[in-house]
Amino acid sequence: MKTYTIKYALLLLCCSIGVNTMAAVDTLKLSLSNLYFATDYEKLQFETVDTKGVDYLQLALAIDSNTDAATREAATAKLEEVVAEIKSKMNPKKGLDKNIKVLYDAVHENLLRKYELVVPFHRIFKDGTYNCVTATILYALVLDKLGISYTIKETPEHVFLIAAPDKERIYIESTDPTKGFYTISDEGKKAIVKLMVEGKLISKEERAAKTEQQLIDQYFNEEKDIKLQQAIALQYYNQGITHGDAQEHEKAIESFKKSHFLYPDIKTTALINSNLFSIFYDASVVDNSYAENFKLFMLLNNNKALDLKQEIFLKIATYYSEKSDDLPKLTAYLNTLLALKPDSATQNSLQQIYSATALSHHYIKKDYIGALLDLENLIKLEPKNIRYKAAVDDVIKSFTSYSGIDNFISPEMEDEDDEAKLMQYMDSISTIIERLGAYSDSPKAKALHSFIVSMKIEGAIQRDDYATVEAMVNKMEAEYKANGANNKQEQYVLEGVYNDVSGAYYKRGKYKESKTWLLRGIKNLPDSESLKLKYNQIKNY
């Protein structure tokens, strides 16, 4: 008989408290998409569960990834051979108990040779190695083929069959009943009961009135009637225990998830959660499975362990920032955490972690408008952080270098002639720069803003919307003067605007308006040789 260590028992109870497992209904729902299958064959067998096409022999064999088609065919043939032998030896005139003895002897003589604590079902057909779970599965398969009714009994330490449960109730014990399952050590029982009291799952009066074993029996040790599919699930349950004891928590979770899919049970949910706690407390490496398990961790623990979730979220955010492009998953994790309604300080911390990760993601992807939005969020969360100003300038500098301030094309645009999309994109980035205020007052930011405004002015000129042109140039001039009228890039952009507006009027034969705009430009930019030259060219028109 194997026992949980006290640490494992404590983790079991911790997760039990988290999901309120004591005297509660298991709420965990898993679908095929939540499971990882070692082979396509295993997946195929799981897909037949709860259908008329389910083959329980094949489902029981599917746990072993090394079992090939030849092995499965041999197992099927051997089972049929043994069943045929039993049929030939059974005597309808004798009582069922005598015929069950024939069945029992034939199965042991042909298939069951050596007991091991943890062993997959296929080993019965390979070398006769079995345990109480796999032997019970085998007897159930044989009884099904013989048309004999049965029920499978599960206790925390054993599993066995009762043939003809409504009549003779003939027990079929395949192994020593103390060796087939796992139990909790005495120290573990004391720790569990202590935490049951502290977690208010039982009252102090109930604790005083009952022994530790009585409380464990009441809340854990329940004898159950289970079906063949559920017995097959116990293979995965035992496999999960083995992985957990070996500190292979990710593998343990996958095994327990498959066990739970076949046999939903609150204790299996608790073991999934205990391994999740082990991962998030102890793991030093974050990978994609770690991030995926985080979603399950939050589901099982609801409002519990929020501080730990914040720490996990930081680890996962770092992983996504450095290795993964799947930002929507991180967004979903953030929203799930925020839905738990943490206090404002925790909310801000989570938002900062997320925005910093998104900033890195968008910057690497050259999505500079997304990066500016991330910086805007960070500034709102931490307005006194002067590093954000340098970050804004760096993003804008990278943006202008990437897009070309003299040949602006949005990286999101597929068609340069899509004016509406271009204008929408320019409006967005210009608006962000304006909102950033003092955080975007570098020469590069001002020049970019001016350039975008000039592009919008050009669009208004093409639409003959000169009222908009006038309003936008007025604003542009005011910003130029407010900035000290010494930004060479702003001067260059403003000079282009005067030339563009003047040229538009000139093409329409409105020479007076054309000259007026050039003179206006010369007044504001007295050093502009291009404006002076162009005015001298048309002043006599």
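Predicted model: local features only at pLDDT ≥ 70, side-chain atom pairs only at ≥ 80, totals over all residues.
**View 1. Helices α7 and α11 pack against each other with their axes crossing at roughly 160°.**
Two packed helices are described by the angle between their axes and the distance between the axes. Helix α7 covers residues 132-146 and helix α11 covers residues 228-245, and their axes come within 9 Å. With a crossing of roughly 160°, α7 is roughly antiparallel to α11, because angles over 145 degrees count as roughly antiparallel. The crossing of these two helices is left-handed. On the α7 side, the residues in contact are Val 133, Thr 134, Ile 137, Ala 140, Leu 141 and Asp 144. They meet Leu 228, Ala 231, Ile 232, Leu 234, Gln 235 and Asn 238 of α11. Sorted by class, the contact of α7 with α11 holds eight nonpolar, three polar and one charged residues.

**View 2. The largest pocket has a volume of about 480 Å³.**
The lining of this pocket consists of 19 residues, and those closest to the pocket centre are Asn 34, Lys 257, Glu 292, Asn 293 and Lys 295. Three helices each supply at least two residues of the lining: α12 (249-262), α14 (288-301) and α16 (327-338). Helix α14 gives the largest share, six residues. By class, the lining of the largest pocket has eight nonpolar, four polar and seven charged residues.

**View 3. Helices α17 and α18 cross at roughly 160°.**
Helix α17 spans residues 344-364, helix α18 spans residues 368-381, and the two axes come within 8 Å. The angle makes α17 roughly antiparallel to α18. The crossing of α17 and α18 is left-handed. From α17, the contact is made by Asn 348, Gln 351, Gln 352, Ser 355, Ala 356, Ala 358, Leu 359, His 362 and Tyr 363. From α18, the partners are Tyr 368, Gly 370, Ala 371, Asp 374, Leu 375, Asn 377, Leu 378 and Leu 381. In terms of class, nine nonpolar, seven polar and one charged residues form the contact of α17 with α18.

**View 4. Helices α22 and α23 pack with their axes 11 Å apart.**
Helix α22 runs over residues 466-482 and helix α23 over residues 488-507, and the packing angle is about 160°. That angle makes α22 roughly antiparallel to α23. Their crossing is left-handed. Helix α22 brings Tyr 466, Val 469, Val 473, Met 476, Glu 477 and Tyr 480 to the contact. In α23, these residues meet Glu 490, Gln 491, Val 493, Leu 494, Val 497, Tyr 498, Val 501, Ala 504 and Tyr 505. The contact of α22 with α23 has 12 nonpolar, one polar and two charged residues.

Conventions. Residues numbered from 1 in each chain as written. Heavy atoms only, no water. Axes fitted to C-alpha atoms, helices over the stretch in contact; angles between N-to-C directions. Helix = DSSP H or I, 4+ residues; strand = E, 2+ residues; numbered from the N terminus. Parallel < 35°, antiparallel > 145°, perpendicular 65-115°, else oblique. Left-handed = near helix turned anticlockwise from the far one by under 90°. Contact = heavy atoms within 4.5 Å. Nonpolar A, V, L, I, M, F, W, Y, C, P; charged D, E, K, R; others polar. 1 Å grid on protein atoms, 1.4 Å probe; cavity = no way out; pocket = protein on both sides within 12 Å on 5 of 7 lines; lining within 4 Å. Points joined across faces, edges and corners; volume = space filled by probe spheres on them.
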